[in-house]
Amino acid sequence: MSNIIVLDNDNFSRTLYNPEEQESAAIVVYFSASWCLPCQNMKPIFEQLANHFEKKAIKFGVVDIAQSPILAPKYGIKSVPTIAVFKGSRLIKAMPGEFSLSKAIEALNQIFCVN
C-alpha cells in the first residue's frame with residue numbers, strides 16, 4: 001500500500017487541494033471500515049487498482065470511517081466500501097459496493113479518459 005495515502009480528518013482537505021500544485025489533483029479515495037467484511041474483500045482490489053494507475057497523475061487514498069467519522073457524511077458517502085473519485089475538492093463519482101478489478105479499471109478509464 002506504499003502508493004496509497006492514509007487520509008483522515010486532518011489531511012483530507014489538504015490532499016484534495018494542494019495550493020502548491022498548479023492543477024487540482026485527481027484522487028481516488030477508498031472509504032472503508034476495519035469491521036466491514038466487504039471492505040476487507042475490496043482492499044486488495046483497491047491496492048491493485050492503485051498499482052495499475054501508478055504511472056498516471058492520479059493519487060490514491062484510503063479513509064477508515066471509524067477513525068474519521070465526519071468525512072463520509074461530508075461527501076455524501078452512505079455505505080462502505082465505496083470508491084470515490086475527486087477532482088480538486090469536488091466529488092465527481094462515487095462507486096459503492098464490491099466489484100472486480102476489471103470493472104474498477106474500466107470505470108476509472110472512463111472517468112479519466114485513459115486508454
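Trainee: What covers the buried residues of H4?
Mentor: The cover includes strand S2 (26-32), helix H2 (37-52), strand S3 (58-64), strand S4 (82-87) and strand S5 (90-96). Covering goes by contact, meaning heavy atoms within 4.5 Å. Helices (H or I, at least four residues) and strands (E, at least two) are DSSP runs, numbered from the N terminus. Keep in mind that this is a predicted model: local features need pLDDT of at least 70, side-chain atom pairs count only at pLDDT 80 or more, and totals for chains, interfaces and linings use all residues. Residues are numbered from 1 along each chain as its sequence is written, and side-chain values use heavy atoms, with hydrogens and water left out.

Trainee: Which residues of H4 are buried?
Mentor: Ala104, Ile105, Ala107, Leu108 and Phe112. Buried means under 20% relative accessible area, exposed over 50%, and partly exposed in between (1.4 Å probe, protein chains only).

Trainee: How many residues has H4?
Mentor: H4 has 12, residues 101-112. From first C-alpha to last, H4 reaches 16 Å, close to the 16 Å expected. The expected span is 1.5 Å times one less than the number of residues.

Trainee: What follows H4?
Mentor: Cys113, with a positive phi near 55°. Cys113 is exposed, at 64% relative accessible area.

Trainee: Switching to cysteines. Which ones does a disulfide join?
Mentor: Cys36 and Cys39, S to S 2.5 Å. A disulfide here is a pair of cysteine sulfur atoms within 2.5 Å. A search of the whole structure finds one.

Trainee: Are those two cysteines buried or exposed?
Mentor: Cys36 and Cys39 are both buried. The torsion about their S-S bond is about 80°, so the disulfide is right-handed.

Trainee: New topic. How much space lies in the largest pocket?
Mentor: About 270 Å³. Of the 19 residues lining that pocket, the closest to its centre are Ser32, Lys43, Val62, Val63 and Asp64. H2 gives the most to the lining, with five residues. On a 1 Å grid over the protein atoms alone, a pocket is an open set of points where a 1.4 Å probe fits, with protein on both sides within 12 Å along at least five of seven lines; lining residues have an atom within 4 Å of a point.

Trainee: Where does Tyr30 lie?
Mentor: In strand S2. Tyr30 is buried, at 2% relative accessible area. Leaving aside neighbours within four places in sequence, Tyr30 is in contact with residues including Cys39, Met42, Lys43 and Val62. Tyr30 and Met42 are 12 residues apart in sequence and 9.3 Å apart in space, C-alpha to C-alpha.

Trainee: Last one. Where is the place of Lys78?
Mentor: In the loop between helix H3 (71-74) and S4. Lys78 counts as exposed, at 78% relative accessibility.

Terms used: Grid points are joined across faces, edges and corners, and a volume is the space filled by probe spheres set on the points.
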